[in-house]
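Subject: Structure handover

Dear colleague,

I am passing the structure on to you below, and after it you will find what turned up when I went through it. Please read the notes with the structure open beside you.

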Amino acid sequence: MEDNAPPLVVVDAANVVGSVPDGWWRDRRGAAERLRDRLAADGVPGRAGPLDIVLVVEGAARGVESVPGVRVESAPGSGDDHMVDLVARAAQHRPVLVVTADRELRRRVTGLGAEVAGPRTVRPV
């Protein structure tokens, strides 16, 4: 692990947005943008910064722009595969936290050394 590399936080946008039935399905892109803005303003509660926050979007949310404090990556295919790739590249060099409730994704990233947390970590009900 590199001493000076900030922890990487990978947020599964579709899973986190979908964790609260607030009408997100009517505007998936807007819901992802609201999550991005919340992350930019609040970071990850309980985690001291600096953090390298990456919001992974897919489907109708592709194309959401990055903002200061949150890098948005549009998955070219499967969002889960893209997140696993991000974790695989980073986990040997710095701590990684993946925010998702997806059981299979959790299994895949913990196998690579990432920590996992549920959607309420960044999107309280």
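For sorting residues by class, Ala, Val, Leu, Ile, Met, Phe, Trp, Tyr, Cys and Pro count as nonpolar, Asp, Glu, Lys and Arg as charged, and the others, Gly among them, as polar. Please keep in mind that this is a predicted model.

By those classes, the lining of the largest pocket has 8 nonpolar, 1 polar and 2 charged residues. This pocket holds about 160 Å³ of space, and among the residues lining it are Trp24, Arg28, Glu58 and Gly59. Helices α1 (13-17) and α2 (28-42) each supply at least two residues of the lining, and the largest share, 3 residues, comes from α1.

Turning to charged pairs, the count comes to 9 salt bridges. In one of them, arginine 47 meets glutamate 115, with the closest N and O atoms 2.7 Å apart. Because arginine 47 sits in the loop between α2 and β2 (52-57) while glutamate 115 belongs to strand β5 (residues 115-117), the pair ties together parts that are 68 residues apart in sequence.

Aspartate 52 and arginine 71 form another, their closest N and O atoms being 3.4 Å apart; since the former lies in strand β2 and the latter in strand β3 (residues 70-74), this pair ties together parts 19 residues apart in sequence. Aspartate 52 is buried, at a relative accessible area of 19%, whereas arginine 71 is partly exposed at 34%. Both belong to a network of salt bridges that links Asp52, Arg71, Glu73 and Arg94.

With best wishes

Notes. Residues are numbered from 1 along each chain as its sequence is written. This is a predicted model: local features need pLDDT of at least 70, side-chain atom pairs count only at pLDDT 80 or more; totals for chains, interfaces and linings use all residues. Side-chain values use heavy atoms; hydrogens and water are left out. On a 1 Å grid over the protein atoms alone, a cavity is a set of points where a 1.4 Å probe fits but cannot get out, and a pocket is an open set with protein on both sides within 12 Å along at least five of seven lines; lining residues have an atom within 4 Å of a point. Grid points are joined across faces, edges and corners, and a volume is the space filled by probe spheres set on the points. Helices (H or I, at least four residues) and strands (E, at least two) are DSSP runs, numbered from the N terminus. A salt bridge is a side-chain nitrogen of Lys or Arg within 4 Å of a carboxyl oxygen of Asp or Glu. Buried means under 20% relative accessible area, exposed over 50%, partly exposed in between (1.4 Å probe, protein chains only).
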